[in-house]
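Open the model in your viewer and keep the selection panel at hand. Each stop below says what to select and what is there.

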Amino acid sequence: MDKLKLGDLEFSSRLLVGTGKFSDVETMVAAVKASGAEIVTVALRRFNANEAEDDLFGPLSQLDRVTLMPNTSGARNAKEAVRAAMLARELSGSKLIKVEIHPNPHHLMPDPIETYEAAQTLAAEGFVVMPYMPADPVLAKRLEDAGCASVMPLGSAIGSGHGLSTRELVELIIRDSGIPVIVDAGLRAPSEAAAATEMGCDAVLVNSAIANAGDPSAMGRAFADAVTTGYAARQAGLMARLDHAEATSPLTAFLSTPE
Amino acid sequence: MFFVLFRGYCMNNFPDWLDPVPYMAQVEQAQRRDVLAALATTQPTIAEFATLLSPAATDELEALAQRAKQLTRGHFGNTIQLYAPLYLSNYCTGGCSYCGFSSDRKQPRHKLTEAQLQTEMSALRQMHIEEILLLTGERTPQANFDFLHSSVKAAAAHFPKVTVEAFGMTEDEYRVLNDAGCTGITLYQETYDPVLYEECHRWGEKRDFAYRIAAPDRAFRAGLRTVGIGALLGLGNPIAESISLYQHAIHLMKTHWQGGISLSFPRLRPESGGFTSPHPADEKRLAQIIFAFRICFPNVPLVLSTREAAAFRDGMAGIGINKMSVASRTTVGGYENGRAEDEGQFEIDDGRDVETFCSMLRQQHLEPVFKNWDAVFR
């Protein structure tokens, strides 16, 4: 499988995972390992330098082959997200940043305007900018122009498990995008992740579906397999979808009749 | 019992937008099939909420619990957010008939000096606490806004998240608290029935129902991020209070789209003045109310304090409730000197320490989360 390229970074795995919602840190670390993910996102607000037991950053930073992608969850505008990103880079040493700005703390939908503004600033500051965004094809091109390394449209609401409900919009984003498209949020089943890479997404990001699974490590592996399978199918070239049987007598046969 | 409480509740003295009366028939008349429909819908409204509070829904309590657990885990994961209260002062000019701090109570009054505040905060830090709720009574010369303001500033230097539960304030005062590092406030209406409200709040600034009900709006306008609201269950009919609380929550969410609300379910507890509850809500009723709120507000934090018994808290963790206080002291200076409980605002039922409480959560495969905020967002 070819590499996932984000800015000047390259990755073999096309599954990115989140680290919230797990029942304990050991379960989370085991699931991250099992998933084979090389990019792991962690909220700056869950960094706790004072209490090792309450800290998500420490145990993740120990993992080989894992690049941390801190996220700015909690920020309600561009200014706060930029501050959070700067602090996260200082603490983690990682230049990957997931810009996550959801001013409404209940439905957690990303703010397109503030996200765009933060992305512009952070790209100029040398970050590899990964914006969590509404599935909006116009915004996706705006973010690409702003210097983002990828776009991360939502499949459905965070934690909802409603799958790829934005499919048509994500298809438009994929068609026109010059940077990797990563579906982030809402996936419930590995089949949905396979569908995402099969339709042309470059990667997917999963958190709740793994954290809330009966066996998070096994689910991490299942998502990894699904993402690989979907991507391989895409590369292999899917047969065309036909809505009707092919006519045995071509309608245009008369066009080749010699005059 | 249920219907007896109910029939006495016909006075329509609520402000229109909080009035539970139009929905009480739904509560009374809902059938099992209505309850099942309410559980199945993805877009519950106040009609479904009323249905979930009905006697028919009491018979389906297990189904409510299962749905509530699904929704809680979906949004909040397998985690419980923890915080601790810190009482700054028990001076009070208020006349709340049900409260141990009421100005007519003979209990000794204290307020923390700057040094004592530091001592209390380091005791809390040693307990791993990252989020604190600073409390006072009603505004007094001893514990006024300036005292609260300087306490917030001091606390913000040590804790990523500092919130305040005190008296109703002006928008400007809330703005000053916000600038000092306060993330949000908790302010219970206590009862949404204005007549009962006036009876319970016998004197003082808090007597003004309208000023208090609009305080969360002022707090959000001032830029604070979170407001916790609730009714003191046991003062009025708990079903009617819940319906009004629902409407208050909807009002705040519609008006302040960036505001984070949370809902608490304080039950009237015995206190030193001996006030007894006119409408006691038992644990089963309280659980049903919490499940109904979770089903109708899947992504709003629901909070349960140490007022409740350990067994009840253990049972509700992660099946509706996603945020809890832990190892609380409701006395001024309680963390350092363990001052006698009979001086507290109310009696604590779950007195377990942080370690014991967290090991209970872990046994239930729930992660205790202490830090879920960062000072960078101030």
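This is a predicted model: local features need pLDDT of at least 70, side-chain atom pairs count only at pLDDT 80 or more; totals for chains, interfaces and linings use all residues.

**Stop 1: chain A**

Select chain A and colour by secondary structure. Orient along the principal axes: the C-alpha trace spans about 85 × 40 × 35 Å. Buried residues account for 53% of the 259 residues. Now turn to contacts in chain A between residues at least 6 apart in sequence. Of these, 61% join residues at least 24 apart.

**Stop 2: chain B**

Switch to chain B. Its secondary structure comes to 17 helices and nine strands. Along the principal axes, its C-alpha atoms fill a box of roughly 60 × 45 × 40 Å. Of the 378 residues in chain B, 56% are buried. Among its contacts with a separation of 6 or more, 75% are between residues 24 or more positions apart.

**Stop 3: where the chains touch**

Show both chains and select the residues in contact across them. Chain A contributes 29 residues and chain B contributes 25 residues. On the side of chain A, pick out helix H3 (78-92) and helix H8 (208-211): these are the elements that give two or more residues. Which element gives the most to that side? H3(A) does, with four residues. Colour the side of chain A by class: eight residues are nonpolar, twelve polar and nine charged.

**Stop 4: a helix pair in chain A**

Select helix H7 (residues 190-198) and helix H9 (residues 216-236) of chain A. Their axes come within 7 Å and cross at roughly 30°. H7(A) and H9(A) are therefore roughly parallel to each other. The crossing of H7(A) past H9(A) is right-handed. Show side chains at the contact. From H7(A), the residues include Pro190(A), Ala194(A) and Glu198(A); those they meet in H9(A) include Phe223(A), Val227(A) and Tyr231(A). By class, the residues of this contact divide into eleven nonpolar, four polar and three charged.

**Stop 5: Ala185(A)**

Step back to the loop between strand E9 (182-184) and H7 of chain A, where Ala185(A) lies. Check its backbone: phi is near 90°, a positive value in a residue other than glycine. Buried or exposed? Ala185(A) is buried, because 27 other C-beta atoms lie within 10 Å.

**Stop 6: Glu190(B)**

Bring chain B back. Select Glu190(B), in the loop between strand E4 (184-186) and helix H10 (194-200) of chain B. Glu190(B) is not a glycine, yet its phi is positive, at about 75°. Glu190(B) counts as buried, with 25 C-beta neighbours inside 10 Å.

**Stop 7: Leu233(B)**

Last, go to the loop between strand E5 (226-230) and helix H13 (238-255) of chain B and select Leu233(B). Leu233(B) has 25 C-beta neighbours inside 10 Å, so it counts as buried. Beyond residues up to four places away in sequence, what does Leu233(B) touch? Its contacts include Pro238(B), Glu241(B), Phe265(B), Arg267(B) and Leu286(B). Finish with a distance: Leu233(B) to Val21(B) is 18 Å, C-alpha to C-alpha, across 212 residues of sequence.

Conventions
Residues are numbered from 1 along each chain as its sequence is written. Chains are lettered from A and ligands numbered from 1 in the order in which they are written. Axes are lines fitted to C-alpha atoms, for helices over the stretch in contact, and angles run from 0 to 180 degrees between N-to-C directions. Angles under 35 degrees count as roughly parallel, over 145 as roughly antiparallel, 65 to 115 as roughly perpendicular and the rest as oblique. A crossing is left-handed if the near helix is turned anticlockwise from the far one by less than a right angle, and right-handed if clockwise. Two residues are in contact if their C-beta atoms, placed from the backbone, lie within 7 Å. Ala, Val, Leu, Ile, Met, Phe, Trp, Tyr, Cys and Pro count as nonpolar, Asp, Glu, Lys and Arg as charged, and the others, Gly among them, as polar. A residue is buried if 20 or more other C-beta atoms lie within 10 Å of its own, exposed if 12 or fewer, and partly exposed in between; C-beta atoms are placed from the backbone.
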